[in-house]
Each structure stands twice: as structure tokens, then as C-alpha cells.
Amino acid sequence: MEFLGNIGLGFSVALSLTNIFYCFLGALLGTLVGVIPGLGVLAAISMLFPLTFHLEPTTALIMLAGIWYGTTYGGSTASILLNLPGTPANAVTCLDGYPMAKQGRGGVALFMTTVASFFGASFGIILLTLFTPVIAEYALRFGSAEYFALMLMGLVAASTISEGSAIKGLAMVVLGIIIGLVGMDTQSATIRFSFGVLGLLEGVSLIALAMGIFGVAEIIMSVRRVKTADIDPETLKLSAIKPTRDDVRRSWFPMLRGASMGSFFGTLPGTGPSIAAFLSYAVEKRISKTPERFGKGAIEGIMAPEAANNAADQTAFIPTLSLGVPGSATMALMLGVLMIHGVAPGPNLISSQPELFWGLIMSFWVGNVILLLLNIPLIGVWVRMLTIPYHILFPSVLMFICIGAYTSGFSTLNIWMVTAFGTLGYLMRIFRFPGAPLLLGFVLGPLMEEHFRRAMVLSRGDFMTFFDRPISATIMALTGLVLIWSIWSSETVRKRRAPPEGEVALARDATDA
Amino acid sequence: MKSILTAALMAVGLTQPLAAQDFPSGPVTIIVPYSPSGNTDVFTRHLAPYLEEQWGQPVVIDNRPGGGSMVGTAQAAQAKPDGHTLLITTSAFVTAPAIQDALPFDPREDLTPVANVGHVSYILVTNGDSEFNTLEEFIDASKKAPKFAATAGLGTTTHFAIEKFIADSGADVDVVHFKGGGPAVVSILSNETDIYGSSVSSAGENLKNGKVKALAVLGNERIDALPDVPSTGELGFPDLEIKQWVGVFAPAGTDPAIIRKLNADVNTALKNEAFVATVTPLDWTLRESTPEGFAEQVDAELNKWKALAVKQGIKK
Amino acid sequence: MYRFDYTDLVGGMLLFFVGAGVSLVSIGNYPLGTLPRMGPGMFPAILGVVLAALGVSLALQALRRTGSRPDIRFFSPLFVLGGVTAFALTIVPFGLIPAIVAIVVISSLAELRIRPVSLVLLCLALCLMAPLVFVVGLGLPIPLIRWPF
């Protein structure tokens with residue numbers, strides 16, 4: 001009964017006019033960002049984040065979450081029509097989506113991926129609703145040692161699993177943590193690495209960091225390289241999107257398998273939607289009786305990954321909301337947003353802020369229904385977005401970045417930080433250092449230090465506390481396994497073969513989700 | 001020519017009183033150096049409409065959390081001293097300077113106290129299932145095996161409340177800092193720490209459903225919200241009169257006439273029955289004050305906590 | 001193809017210097033404390049060492065393999081970052097409109113060709129849209145235009 005009450009509470013929050021409006025706005029902006037290749041979800045969320053400063057935290061989060069799952073819906077459009085993934089999570093959709101478009105079945109592919117997206121998302125939301133409170137209840141037993149271990153595992157997994165080079169990923173995590181330590185130390189009130197700048201007392205701005213490293217650096221690398229699309233409008237008429245009976249029959253099980261795999265990988269730190277989509281495609285191909293159809297326009301090859309990445313989008317919220325430990329860079333950004341709005345994420349969130357928690361989750365239903373409505377009849381509109389020339393797009397994006405940075409605190413210091421992090425982001429591209437682990441380290445670093453120092457006080461300086469406590473010891477052991485496995489595998493892979501180009505790109509981009 | 005001169009003279013002569021009479025001539029920003037939805041923020045948000053009503057100008061609340069309230073306080077210290085930027089903060093204003101060297105402002109020089117508006121009491125809480133039921137049992141147990149006390153952060157009033165309790169009771173307790181009252185309460189729930197000086201509102205639901213239990217009220221009198229919980233005064237610690245107060249400050253250099261007007265307007269708002277009815281259930285005890293009285297109190301407390309910090313050796 | 005992976009070699013060395021610098025600054029300026037009561041310098045000092053070690057191992061690996069040319073661009077970072085800098089310099093003294101014009105015009109130069117008509121239209125459109133969204137819509141107090149002298 002209490003459960004139904006919570007659902008009711010959630011809907012009453014999510015269905016308020018303001019929240020529906022911002023949910024709609026988020027889904028709309030997300031689709032837009034997803035459709036346009038070269039504009040990532042991280043850059044988009046950090047760019048649009050200042051718009052939410054003046055909103056209630058719940059409303060702000062509903063909108064930002066809408067952007068997050070909206071991009072995955074929109075991202076399939078560019079994959080199918082241009083063979084260019086709108087977001088990394090949609091990369092594998094290119095493999096069969098683009099051949100379908102070339103066969104004149106682009107409309108069918110767009111329609112069916114929207115259905116798969118909705119199915120996967122619904123699956124994810126149900127799991128999120130059922131499991132988050134259970135995990136949070138259990139996590140009330142966690143102490144500082146457990147939290148430190150969990151965060152360490154998240155960072156190690158995120159920086160090594162999906163990365164080409166484990167060392168580079170780890171190095172970026174460490175650099176991110178160091179940047180996160182700038183400002184006043186909460187345990188001793190010492191001001192660290194601020195070099196006398198009063199504005200740095202509060203630390204480096206998350207917004208400026210994300211916009212610099214993901215937004216500005218991306219633009220620097222894309223100028224003069226992105227070409228505007230050329231699309232055949234015939235394939236996109238409403239009459240051309242009707243799937244055949246064979247398409248529908250073939251879609252059910254791939255969708256179900258994709259959604260299950262996506263839900264699982266969404267909750268794990270370091271994996272997330274890109275890996276989920278990639279693996280579910282591999283599974284479909286493996287178990288298919290006609291694997292030769294794959295890569296030539298097999299509908300299973302778009303249904304499974306699109307269900308998987310959308311399910312993962314939703315279940316990624318489970319560790320973030322129940323433990324306060326984000327599994328990916330985007331979730332770290334969400335966590336940062338929560339903290340900036342003064343909400344402390346953690347196992348107490350559900351009981352102390354039930355309106356926020358249940359309202360947010362129920363808004364996912366609202367958002368997904370909106371996306372369904374937005375995507376099917378309006379496919380033609382989204383496709384036209386693909387034809388905006390880049391030379392108009394990038395100065396506009398830069399302007400929004402600058403205004404956003406300035407208005408988050410009305411100080412030019414934030415714009416200077418965007419410049420600094422834009423430069424850092426550009427250097428990182430040159431040296432092929434990944435950006436996502438840096439952001440994750442930046443958000444988790446100060447929390448880790450806090451928990452580590454507290455664990456040390458509580459154990460009276462005994463480092464073995466991380467291995468004596470059973471839960472913490474288990475997590476530490478898993479972390480060690482991930483670390484050893486990743487170093488070993490990256491060594492052997494490098495020695496044995498150079499992976500095919502597509503897979504490298506996918507692996508490189510995977511943590512960007 | 002003569003009339004211009006007269007007008008100029010009048011203008012000069014009238015400027016001072018006019019400034020206070022015309023105040024406020026635009027929106028007033030109140031800096032709250034804590035996150036939204038915290039104790040202080042909620043109090044300020046309840047208060048703001050009653051000030052708007054008197055001033056006929058919008059009151060904007062600007063949350064500037066960080067550094068245990070010192071970030072927002074530093075920002076207020078640098079604001080233009082025209083009364084249009086104010087600070088509403090807690091007794092952290094007098095406790096934090098006791099342990100922080102490198103403060104970017106001087107609490108005595110850079111901000112002028114306007115009004116002390118009220119306080120909340122602290123209660124010492126422990127896990128609902130813990131073995132001790134009285135404060136005495138806790139003190140005795142700690143002498144056999146040292147215990148841990150949670151605080152809402154270094155230099156907060158909860159931190160000093162615990163340090164004063166340790167100094168006066170001789171309990172063997174190690175202090176562990178958390179980031180805010182919420183995580184500190186969670187640490188009590190998870191048995192990670194053993195005692196925490198909490199406000200009634202942050203213990204909230206957990207106190208009602210028995211997940212945490214109150215051992216004592218810090219102070220010499222019991223409180224209405226928990227009539228069965230003894231005060232530390234009754235238990236033989238008469239000097240543990242520690243409250244978290246909330247006060248209004250203005251940047252130093254603000255016209256004294258404006259300070260007096262602000263003080264009067266705040267006191268008027270505090271008497272509004274509707275306001276009293278909203279904050280009393282949150283365990284707020286409201287009070288009237290004068291700028292001079294509040295300034296003396298601030299000065300005395302700055303000295304008192306500094307002395308305690310030195311005595312307890314908590315200066316890093 | 002180069003004989004060594006120079007990109008990773010230089011990258012690893014940079015990481016080493018940053019890490020070493022962070023450790024030295026932390027040890028020199030902030031108290032380290034003890035393990036049960038760690039001071040503010042301990043955590044960054046350890047991290048600096050870890051970063052430096054990761055840098056060294058990256059550089060060593062780079063010596064064992066060949067590498068390709070890094071993707072270095074010159075004009076795009078110059079104009080894109082220059083545009084952001086121009087915005088930072090103009091927003092407070094001159095207001096929003098001049099800052100928008102500055103960033104749009106300067107960053108557009110990164111295209112290395114000038115489209116005068118489309119540039120003017122873009123400036124006009126953004127100068128109309130941004131104040132509508134931020135100043136009118138969100139009510140943010142940013143002056144549109146001001147003259148400091």
C-alpha cells in the first residue's frame with residue numbers, strides 16, 4: 001500500500017503543469033541535441049544547466065533527466081539516416097539502420113527504433129521503481145569505508161573497462177580528483193590550490209569544467225570537418241514508416257533481450273548505455289539463425305541495441321539515487337546538479353525527499369510518452385535539423401556556453417575557467433586522453449577524500465578497515481579484479497591484434513555516455 | 001543662484017535621514033550561506049515575505065553554501081554597504097573563526113550585526129537500539145571504550161557543542177566531521193558514530209519512530225517539543241547552554257540609521273502572528289534584540305569559542 | 001608512422017610533471033597530518049605521486065611501440081578560445097550584445113573563410129534571441145549594452 005502511495009505521490013508531482021512543461025522542454029532539447037551529431041549529452045546538459053538555476057530542484061532534475069534520455073531517442077535518427085551516431089550509445093544502430101535507410105526503409109527504421117526505445121525505457125523505469133528503495137534501505141548500513149570502496153570501484157571500472165588505455169583512463173581520473181580538491185577543505189578549513197583567487201574558495205565550477213572539456217574542445221576539433229547532410233525526403237513520409245508484419249514478429253525477443261541486458265549494464269559502474277547497446281547487438285547476431293542478414297538491414301540489429309541503451313539510461317539512476325555514487329560521467333553531472341541545488345544524494349534521499357525521488361521517477365513515464373509523441377509524427381522535423389550548417393551551429397553553441405558560464409554566479413571567473421578547461425580539453429584530445437573519467441573523478445574526488453579521511457578516523461588510522469569490513473572487503477576485491485583484468489587484457493589485445501577501426505571508435509567513445 | 005545653493009545645502013543636510021527613510025530603494029538581496037532547504041534557508045524563506053510587505057520591495061534570497069558558511073559570509077562582507085545586501089547566518093559566524101586562520105574577512109571589522117532573531121536547541125541523540133539510555137551511561141561507557149561523535153562539519157555549532165560537552169563531561173569521544181546535518185544523522189542510524197548534537201528538526205522523523213533516541217537537551221531548560229528529555233543543566237553540566245542562533249548582518253560601513261531601521265523592521269516581522277505560527281513547530285524560539293546588544297553578544301562568543309578551540313587543541 | 005609513440009611519450013611526461021608538482025606543492029604548503037587524523041596535504045600528495053607514476057608508465061610503454069601523427073590544429077583553438085576570451089573581456093564593461101557579437105565574429109573566423117551575409121544574419125538573430133531567452137524569459141539581470149567611459 002505504501003508503494004502505491006509513493007507512486008501516487010510521484011505522479012502528483014510529475015503531473016503538475018510546471019513539471020510537465022519542463023519535462024517536455026527537456027525531452028525536446030534532448031532530442032534536438034541527440035539528432036545533431038557532434039553535440040554530446042554532457043556538453044548539452046552542462047550548457048543548459050544554468051537555465052535550471054532558478055527552478056525547484058525537482059523540476060530542474062526532471063528537465064535535465066529529460067535531456068539525458070531524450071538524446072538517446074534522438075541519437076538513432078542520425079545513425080540511421082547519415083551513418084553518423086548522434087550519441088555514442090547509438091553507434092551500433094548505424095550497422096543495420098543505415099543499410100535499411102539505403103533500401104528506402106529509413107522511415108520504418110526510425111519508427112521501430114522509437115518503439116524499441118520506449119519499450120526499453122519502460123522496462124528500465126519499472127526496475128528503477130522496484131529496486132532503488134530496496135538498495136537504499138540496505139545502504140543505510142554502509143559506512144565511510146564502504147562508500148570509499150564503492151567510489152573507488154566506480155572510478156576504476158569507469159576508467160578501465162571501456163577505455164582503450166587503462167593507464168590513460170586512470171590518469172585522467174586522478175587528474176580529475178586533483179582538480180576537484182581545489183578550494184576549501186571541509187575537514188580542516190585549509191584553502192588548497194586556489195592561488196589567492198577568492199572565487200576558487202568554493203572550488204572549480206563543475207559547469208565550466210564540463211563545458212570547457214566537452215563543449216569547447218569538441219568544437220575546436222569539429223570546425224571545418226563536419227559536413228551538412230543530404231537526405232532523401234521520400235523515405236520519411238508518414239506512409240513510409242509502417243513496418244511489415246515480418247518486422248514486428250522479428251522484433252519482440254530482441255527488444256526483450258536488449259532491455260534486460262541494458263538494465264543490467266546500466267546499473268554497473270563504468271558500463272552504461274554504449275556498452276549495453278554494443279553487447280546486445282553482439283548477442284543478437286550470435287544467437288540468430290541468419291547471422292548473415294546482420295549488417296545488411298536486419299531489424300533485430302536496431303531493435304535490441306535501441307531497447308538496451310534506453311533501458312540503461314533509466315537504470316543508471318539506480319546507484320546514483322540510492323547510494324549517491326554515480327556510475328558514469330553523465331550521472332556524475334546529475335549528482336553535481338543535485339548537490340548544487342542543495343540536495344544531498346544518498347540512501348536517505350528517498351525518505352527525506354520523497355517528492356523529489358518519486359516525482360523524478362514518475363516524470364520518466366511522462367517524458368517517455370512525450371518522446372514517443374514527439375518522435376513518431378515529427379520525424380520529418382528532426383531530420384531537417386540535420387541540415388543546419390555547422391558554421392551557424394558552433395558560434396551559437398559557444399555563445400550559449402559563455403552566457404551559461406557567466407550566469408552561473410555572475411562572475412567572469414567562470415568564463416575564464418571555460419577558456420582554461422577548453423584548452424585542457426584540446427590538449428587532452430591531442431594526447432588522446434579521455435574526458436569522461438576526468439569528470440567522474442572531479443565529482444567523486446572530494447567525496448572520496450572525505451570518506452577516506454573519515455574511515456581513517458573511525459578505524460583510528462588502521463588502513464585494514466577497508467578489508468576487515470565484509471561489504472567493503474568484497475567491493476575492494478572486485479575492484480582489484482577489474483584492475484588486474486583490464487591491465488592484462490589491454491596488454492594482450494595490444495600484442496595480439498589491432499582491433500578494427502569501428503570497434504576502437506566505439507570503445508573510445510563509450511564512456512562519453 | 002541662491003536657490004540652487006539652498007537646494008544643495010538642503011540636499012546635503014537631508015541626505016543622511018533620507019537614506020534611511022527611503023530605504024529600501026530597490027530589491028534587497030539576502031545572502032544565505034547554506035544550501036536551499038536547510039534550517040537557515042527555510043527560516044529565511046519564511047521571514048522574507050514579511051519583510052517584503054513592510055518594504056514594498058522584492059526580497060531575493062541568494063544561497064551561497066560552502067566552506068561551512070564562510071563562502072557566503074565572505075561574499076556578504078564584500079557587498080556594497082547600502083543595506084540592499086544583507087546576510088542571514090547562524091552561530092557558525094562566531095564558531096568558525098575560532099579554528100580558521102585564513103578567513104577572507106574579519107568577523108569583527110567587516111560585518112555589522114543587525115539583529116539576533118532567535119535560536120533552535122540542540123539535543124544529544126544516539127541510535128535507537130544503542131545500549132545506553134541516559135547521558136550518564138554514555139559518559140561511563142565512553143571511559144571504558146572510546147566512542148565517536150558526529151558533527152555537521154568542522155567549525156559548525158554542532159562541532160563546538162560536542163567539544164564543549166567533551167570538555168565539561170570528561171567523556172572519551174573522538175570527533176568525526178560530516179558534511180551537514182543529514183549525513184551526520186545517517187551515521188547515527190548506521191551505528192557508525194555514537195552521539196550527535198542535532199537540532200530537533202534534523203532528527204525529525206527518526207526521533208518520532210524511535211530510530212534515534214534523545215539523551216539530553218543541551219541547555220539548562222527542557223524544551224516543549226521533548227518534555228520528557230532531561231536538560232544537561234539538570235544532569236549537572238550548567239555551562240552547556242549552547243544554542244544555534246540565527247542573526248541578520250549588514251556589510252560594515254552601512255549607515256547606522258539604516259541599521260536601526262533594519263533592526264526595527266526585522267523585529268516587527270518577528271512579532272507577526274502568522275510568522276510565529278509557521279516557525280514555532282520547527283522548534284524556533286524567537287527573540288527581539290538591539291544592534292548594540294547583538295554586537296556585544298557576537299564579540300563575547302567570538303572570544304569564548306576561540307578559548308575553547310585553544311583549550312581542546314582543535315586548531316588543526 | 002614514427003619510431004616511438006611520441007604522443008604518449010610527451011603526454012606521459014606531462015602527467016609526470018603535473019603529478020610531481022601537485023605533490024611538491026601539497027607537501028610544501030599543507031599539513032600532512034597523521035593517518036588517523038589526515039591533514040589537508042596528505043590526499044593530494046598521494047594523488048600527485050600516483051599521477052606521476054601513471055605518467056612514467058605511459059611514457060615507458062610509448063617507447064616500446066610505434067606511433068602516428070597527433071591531431072594538432074592551430075587556427076581552430078586560436079579563434080574558438082579567442083572568441084571565449086573576448087566574451088569574458090566584454091561582458092562586464094560593455095554588456096551582453098557587444099559580447100555576443102564579439103564571440104560570434106571571432107569564433108566564426110575558425111572556419112577560415114568569411115561569409116559576410118550569413119555572419120551578419122547570425123549575429124542579428126542571436127542578439128535578438130539571447131536577450132529574449134535570458135533577460136526577458138529567465139529575468140537574469142544582465143545589462144544589454146553599456147558604455148564604461
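Start by selecting residues 75-107 of chain C: in this predicted model the stretch is 97% helix and 0% strand, yet its end C-alpha atoms are 10 Å apart. Now switch to residues 12-30 of chain C, where the end C-alpha atoms lie 26 Å apart and the span is 95% helix with 0% strand. Both stretches carry the UniProt annotation "transmembrane region", which comes from an unreviewed entry and also covers residues 42-63 and 119-145 of chain C.

Next, bring up chain A alongside chain C. Their contact takes 52 residues from chain C and 51 residues from chain A. To colour the chain C side by element, pick helix 1 (6-29), helix 2 (42-62), helix 3 (75-94), helix 4 (96-108) and helix 5 (116-137), each of which gives two or more residues. Which of these helices gives the most to the side that touches chain A? It is helix 3 of chain C, with 11 residues. Colour by class instead, and this side of chain C shows 35 nonpolar, 12 polar and 5 charged residues.

For the last stop, stay in chain A and select helix 4 (residues 57-82) and helix 16 (residues 354-375). Their axes are 9 Å apart and the packing angle is about 40 degrees, so helix 4 of chain A is oblique to helix 16 of chain A. The crossing of these two helices is right-handed. Show side chains at the contact: helix 4 of chain A contributes residues including A:L61, A:A65, A:G66 and A:Y69, while among those from helix 16 of chain A are A:G359, A:L360, A:S363 and A:G367. By class, the residues of this contact divide into 10 nonpolar, 7 polar and 1 charged.

Technical notes: Residues numbered from 1 in each chain as written. Chains lettered and ligands numbered in written order. Predicted model: local features only at pLDDT ≥ 70, side-chain atom pairs only at ≥ 80, totals over all residues. Axes fitted to C-alpha atoms, helices over the stretch in contact; angles between N-to-C directions. Helix = DSSP H or I, 4+ residues; strand = E, 2+ residues; numbered from the N terminus. Parallel < 35°, antiparallel > 145°, perpendicular 65-115°, else oblique. Left-handed = near helix turned anticlockwise from the far one by under 90°. Contact = placed C-beta atoms within 7 Å. Nonpolar A, V, L, I, M, F, W, Y, C, P; charged D, E, K, R; others polar. UniProt positions renumbered as here; feature names shortened; annotations may be inferred.
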